[in-house]
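Got your viewer open and a colouring by chain ready?

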Protein chains: 2
Amino acid sequence: MQPFLDGLRQLLGPADLLTDPADMAPYLTDWRRMFSGPALAILRPGSTEQVSAAVGLCAQHGVAIVPQGGNTGLAGGATPQGRAPQVVLSLARMTAIGTPDPIGMVIEAQAGCILQRVKEVAADCGRQLPISLAAEGSATVGGVIATNAGGVNVLRYGMARDFVLGLEVVLPDGTVVKGLKPLRKDNAGFDWKHLFIGSEGAFGIVTAAVLRLTPATRHRSVALLSVQDLPAAIRLLGLFQDRIGETLSAFELISADAIRLVETQCGLGAPVSGGSWFLLVEAASSLDGLPAAVQATLEAAYEAGLLQDGTLAASEQQAQSLWALREHVTEAESRCGKSLKHDVSLPLRRMGAFLESIQARLAGLAPAARLNIFGHLGDGNLHVNVILGDTPLSIASRITGMVHDLVAEAGGSISAEHGLGQYRLADWQRLTLKTERDLAIDIKRAMDPKGLMNPGKAVPGTSHRQ
Amino acid sequence: MQPFLDGLRQLLGPADLLTDPADMAPYLTDWRRMFSGPALAILRPGSTEQVSAAVGLCAQHGVAIVPQGGNTGLAGGATPQGRAPQVVLSLARMTAIGTPDPIGMVIEAQAGCILQRVKEVAADCGRQLPISLAAEGSATVGGVIATNAGGVNVLRYGMARDFVLGLEVVLPDGTVVKGLKPLRKDNAGFDWKHLFIGSEGAFGIVTAAVLRLTPATRHRSVALLSVQDLPAAIRLLGLFQDRIGETLSAFELISADAIRLVETQCGLGAPVSGGSWFLLVEAASSLDGLPAAVQATLEAAYEAGLLQDGTLAASEQQAQSLWALREHVTEAESRCGKSLKHDVSLPLRRMGAFLESIQARLAGLAPAARLNIFGHLGDGNLHVNVILGDTPLSIASRITGMVHDLVAEAGGSISAEHGLGQYRLADWQRLTLKTERDLAIDIKRAMDPKGLMNPGKAVPGTSHRQ
């Protein structure tokens with residue numbers, strides 16, 4: 001492998017080819033320290049041309065590539081897996097952002113740009129990029145696209161896919177495909193961009209994108225509500241959709257247990273009592289009538305007997321402190337020790353029975369474990385996390401398998417927004433129809449015949465490596 | 001071919017295998033009578049199983065398939081092309097619509113469902129399917145998806161692609177891939193649905209879909225405005241985006257010449273004078289404050305000197321008569337004899353120079369021709385149509401080639417929303433980077449190695465046939 005590494009060093013320069021174990025360590029483990037794997041080197045190219053040349057060298061030497069952005073993934077999609085010769089290719093140095101076009105409502109950014117930075121540039125010209133993630137301060141544009149990231153505003157604005165107008169990618173043989181037209185509408189035949197969105201680097205590496213912006217909304221209303229049970233939460237969602245549906249930007253569900261955890265672990269207090277479920281609802285509009293419409297909707301909800309309690313933020317500061325409750329759920333969970341994260345979506349009408357089954361089976365399987373449930377009810381997306389407590393780690397995969405089995409029975413998805421990565425690939429293979437699996441494998445074979453692109457993640461491979 | 005046709009007749013029954021030339025004729029020519037081609041037979045399967053079996057028979061006998069929905073396309077994508085043995089497979093009999101889920105906001109429909117009917121079912125449960133096309137009374141769900149149709153509301157809601165949550169397709173070998181989960185969020189690895197959206201049947205046949213619905217908006221404001229020039233129209237778009245951007249549902253541009261045509265050919269009158277460009281602007285919201293906000297935006301536009309004249313509809317009836325002006329542009333054009341349709345998108349800042357170049361070149365190439373320009377300015381999408389007058393038909397392709405060359409020079413797309421079909425495939429091949437073409441061909445080879453799926457349209461083939 002020395003000629004290979006020498007070639008890379010010549011290409012990237014010694015500062016951007018890391019081979020020292022201490023330098024490499026941060027790239028070889030995900031931020032939750034759930035996944036870890038070896039690599040020959042870390043590559044930090046600074047341009048699309050360098051990515052192309054580096055990928056070409058890897059192809060020539062039969063070395064696999066793990067693309068990495070901000071390393072904020074929750075499914076090990078950017079962490080090496082397996083023992084085959086491989087490198088991590090970090091896009092972190094590619095951080096150029098183009099001048100946004102506020103009327104055309106587009107912005108170009110390289111893969112390594114931090115999402116929050118792109119959002120700030122969009123906001124500076126009076127537009128918004130409404131992809132809103134907990135990790136937006138370190139997640140990168142490339143990672144967000146490669147995993148088709150979700151977040152709290154999907155209900156209104158869609159997933160990352162829905163913001164990609166143009167894409168530049170490097171194919172597994174090093175070919176650069178440059179599709180960076182700043183067009184909001186381009187329907188010229190097969191749209192190859194979608195091969196690379198959400199496929200976690202299985203077909204190539206995203207190096208830059210043109211993103212769609214949306215108009216900004218000047219007013220927002222934020223409410224924290226409590227309801228007695230899940231059917232009431234779902235009926236409340238329907239009521240909001242009926243009355244001010246198109247302004248709804250977030251409709252977040254948090255279990256009462258999760259709120260208690262935030263209170264005890266993080267010292268925050270919820271100004272709303274009662275109920276077994278809490279809802280964090282946000283509506284936004286550029287029209288002045290928003291607060292009155294939200295108020296009227298809440299009154300209708302009280303009259304219909306749907307609400308236990310609730311508060312409507314009277315200031316931006318109050319709105320932020322209500323959001324803080326939701327945003328601290330993950331941190332509160334992490335302070336309780338090891339937990340298993342499940343990122344599922346279900347038809348709303350199956351959700352109640354699904355949660356009851358989980359509860360019953362978990363009690364049998366792991367009596368020391370407890371559920372931590374929250375998520376994006378407006379999208380049918382729940383994070384059904386399991387705080388393990390004294391549960392032996394050895395049964396973790398049985399718990400996850402049980403959750404995923406129940407999701408499949410209910411006609412849901414085992415990855416609503418986090419992606420498969422290495423964490424869910426085996427369960428996806430087990431629970432997905434053969435016709436769908438075969439289609440993925442056929443495309444993988446066509447795009448990456450040597451099986452060198454992010455093996456063991458997202459798309460099952462066809463090479464001997466796997 | 002007799003055993004082949006006998007097999008099909010046994011499968012479909014004699015009533016749904018058409019071989020009589022008179023019965024076949026309506027399926028062999030597009031509705032504008034621009035394209036026409038031969039076929040061995042017309043197949044009218046009534047179920048996914050019949051589509052699968054029919055496709056299997058075609059594969060076995062090496063017969064190509066032209067899938068057809070409502071036959072409303074503008075690019076000849078659903079009309080046979082070439083002389084190879086082929087059949088037209090009409091989805092028109094597959095018209096089942098599922099019960100919509102108003103809170104989950106999804107609806108399932110078979111490929112042959114008329115778009116307008118699905119929209120009505122959605123509206124009946126208080127939701128909307130905001131894909132709005134002139135042809136919605138005869139276009140089908142399958143055709144809308146296979147061509148990734150656009151329309152007047154793309155600005156706000158996106159293209160057909162953005163509404164597809166689930167898809168059922170029949171692959172070129174007859175395999176059925178069933179992905180009809182009613183989930184608003186499903187991010188489990190490579191999303192194969194996007195192979196089939198917008199690729200005009202090149203990789204398989206769409207037989208059913210789960211579509212995303214949106215909340216309904218109770219109020220709408222419609223205005224007809226006139227401006228002096230294109231830069232003013234673009235600045236006006238920016239002003240609307242700044243003030244009430246997220247409520248903007250349509251921002252349509254119509255040339256003064258096109259308005260004159262509608263007046264003289266269709267007997268409608270525009271209640272607005274002056275200016276070289278007209279704008280039909282629609283905003284919609286569930287909030288009561290909409291009309292006041294639109295009014296205030298118009299006042300700001302007058303103050304900024306952007307408007308020549310304008311009227312804001314005071315009733316739903318007035319709104320409809322303003323829309324009628326826009327909707328009659330195509331009919332007015334068709335009453336002027338033959339015309340060439342161009343469906344281009346451009347960065348807004350390139351649009352002015354682009355239109356000037358077209359005008360100059362057209363005057364040299366075809367002095368008897370005149371431009372008919374209208375479109376979706378909010379999307380950067382113009383229909384730069386050419387009314388031929390006494391221009392000899394023999395130079396039609398030179399005119400179209402000239403328009404497409406100028407689009408390519410300006411970094412635009414030669415198909416913003418209508419698709420490539422057979423009309424634009426050659427120009428797409430001429431004007432598209434080799435890396436992009438090769439990617440499409442690689443996927444075509446993987447998906448349809450025999451080259452039997454809608455040859456000569458949308459995606460260049462790899463078989464001897466083409």
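Predicted model: local features only at pLDDT ≥ 70, side-chain atom pairs only at ≥ 80, totals over all residues.

Start in chain B and select B:M105, which sits in the loop between β4 (86-90) and β5 of chain B. Check the phi of B:M105: the value is near 55°, positive in a residue other than glycine. Is B:M105 buried or exposed? With a relative accessible area of 2%, B:M105 is buried, since the cut-off for that word is under 20%.

Now step along into the sheet. Select β5, β9, β7 and β8 of chain B, in that order: these four strands make an open sheet, with antiparallel pairing. At the edges you'll find β5 (106-110) and β8 (176-179) of chain B, each of which pairs on one side only. Going from one strand to the next, the twist averages 15°.

Zoom in on β7 (residues 164-170) and β9 (residues 205-212) of chain B, an antiparallel pair joined over six bridges. If you want a landmark, pick B:V164 and look across to β9(B), where B:L211 stands opposite.

Next, show helix α3 (residues 48-61) of chain B. This helix lies across β7, β8 and β9 of chain B and runs at about 45° to β7(B).

How far apart are the end C-alpha atoms of α11? The distance is 16 Å, and that agrees with the 16 Å that 12 residues should span at 1.5 Å a residue, because the expected span counts one less than the number of residues.

Time to hop over to chain A. Select β5, β9, β7 and β8 of chain A and you get an open sheet of four strands in that order, paired antiparallel. Here β5 (106-110) and β8 (176-179) of chain A are the edge strands, pairing on one side only. Within the sheet, β7 (residues 164-170) and β9 (residues 205-212) of chain A run antiparallel and are joined by six bridges; A:V164 has A:L211 as its bridge partner in β9(A). Helix α3 (residues 48-61) of chain A lies across β7, β8 and β9 of chain A, at about 45° to β7(A).

While in chain A, select A:A458, in the segment after α16 (434-447) of chain A. A:A458 has a positive phi of about 60° though it is not a glycine, and at 2% relative accessibility it counts as buried.

Finally, zoom out to both chains. A rotation of 180° with 0.0 Å of shift along its axis puts chain A on chain B, at an RMSD of 0.0 Å. The two copies are therefore related as by a two-fold rotation axis. To find that axis, select A:G289, the residue of chain A that comes closest to it, at 2.6 Å (C-alpha). Which surface do the copies use to meet? They meet through the same surface, because 100% of the interface residues of chain A are also interface residues in chain B.

Technical notes: Residues numbered from 1 in each chain as written. Chains lettered and ligands numbered in written order. Heavy atoms only, no water. Helix = DSSP H or I, 4+ residues; strand = E, 2+ residues; numbered from the N terminus. Pairing = 2+ DSSP bridges. Axes fitted to C-alpha atoms, helices over the stretch in contact; angles between N-to-C directions. Contact = heavy atoms within 4.5 Å. Least-squares fit on C-alpha atoms with pLDDT ≥ 70 in both. Buried < 20%, exposed > 50% of the residue type's maximum accessible area, 1.4 Å probe, protein only.
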